[in-house]
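Here is a walk through one structure, from its rings and charges to its core. Keep the coordinates open while you read.

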Amino acid sequence: MIDVMRLDGKIYWVNPHMIESMESNPDLTLTMLSGRKIIVKNSPEELINKIIEYRKKIGIETQEVL
């Protein structure tokens, strides 16, 4: 799980493998695989770095193709 900051300043934890897309307009909107949208204060770059670090931590450093 990675932490993101909601617009109200509260920390929220999300599973990065469940993020389908990110859109910056101007706040960052995460669209989850479930269709739920979460608006966060984090920048796209910050979130991408958190996802990369999370994947390294759990030993998934490359994209798997099945």
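The count of aromatic pairs is zero. The rule takes rings of Phe, Tyr and Trp (its six-membered ring) as a pair if their centres lie within 6.5 Å; planes under 30 degrees apart are stacked, over 60 edge-to-face, and the rest tilted. This is a predicted model: local features need pLDDT of at least 70, side-chain atom pairs count only at pLDDT 80 or more, and totals for chains, interfaces and linings use all residues. Residues are numbered from 1 along each chain as its sequence is written, and side-chain values use heavy atoms, with hydrogens and water left out.

One ring does have a charge over it: the charged end of R6 sits over the ring of Y12, 4.8 Å from its centre. The test asks for NZ of Lys or CZ of Arg within 6 Å of the ring centre and within 35 degrees of the ring normal.

Strands (E, at least two residues) and helices (H or I, at least four) are DSSP runs, numbered from the N terminus. Two strands pair if DSSP finds at least two bridges between them. M5 has I11 of strand 2 as its bridge partner. Five residues lie between the strands of this hairpin, and G9 takes a positive phi near 90 degrees. Another backbone feature sits elsewhere: a cis peptide bond joins N25 and P26, with omega about -25 degrees. P26 lies in the loop between strand 3 (19-24) and strand 4.

Now the charges. Side chains of opposite charge can pair when their charged atoms come close. How many salt bridges does the count give? It gives three, where a salt bridge is a side-chain nitrogen of Lys or Arg within 4 Å of a carboxyl oxygen of Asp or Glu. K50 pairs with D3, the closest N and O atoms being 3.0 Å apart. That pair links distant parts of the chain: K50 is in helix 1, D3 is in strand 1, and they are 47 residues apart. K50 also forms a salt bridge with E46, at 3.9 Å between the closest N and O atoms. E46 and K50 are four residues apart in helix 1, so about one helical turn separates them.

Which residues make up the largest nonpolar core? There are twelve: I2, V4, V14, I19, L28, L30, M32, I38, V40, L47, I51 and Y54. Such a core is a set of buried Ala, Val, Leu, Ile, Met, Phe, Trp, Tyr and Cys residues joined through side-chain atoms within 4.5 Å. Strand 1 (2-5), strand 4, strand 5 (37-40) and helix 1 (44-57) each give two or more residues to this core. I2 contacts (heavy atoms within 4.5 Å) Y12, W13, V14, P16, L47, K50, I51 and Y54, leaving aside neighbours within four places in sequence.

Strand 4 (residues 28-32) also holds T29. T29 counts as buried because its relative accessibility is 12%; buried means under 20% relative accessible area, exposed over 50%, partly exposed in between (1.4 Å probe, protein chains only). I60, in the segment after helix 1, is partly exposed at 23%.
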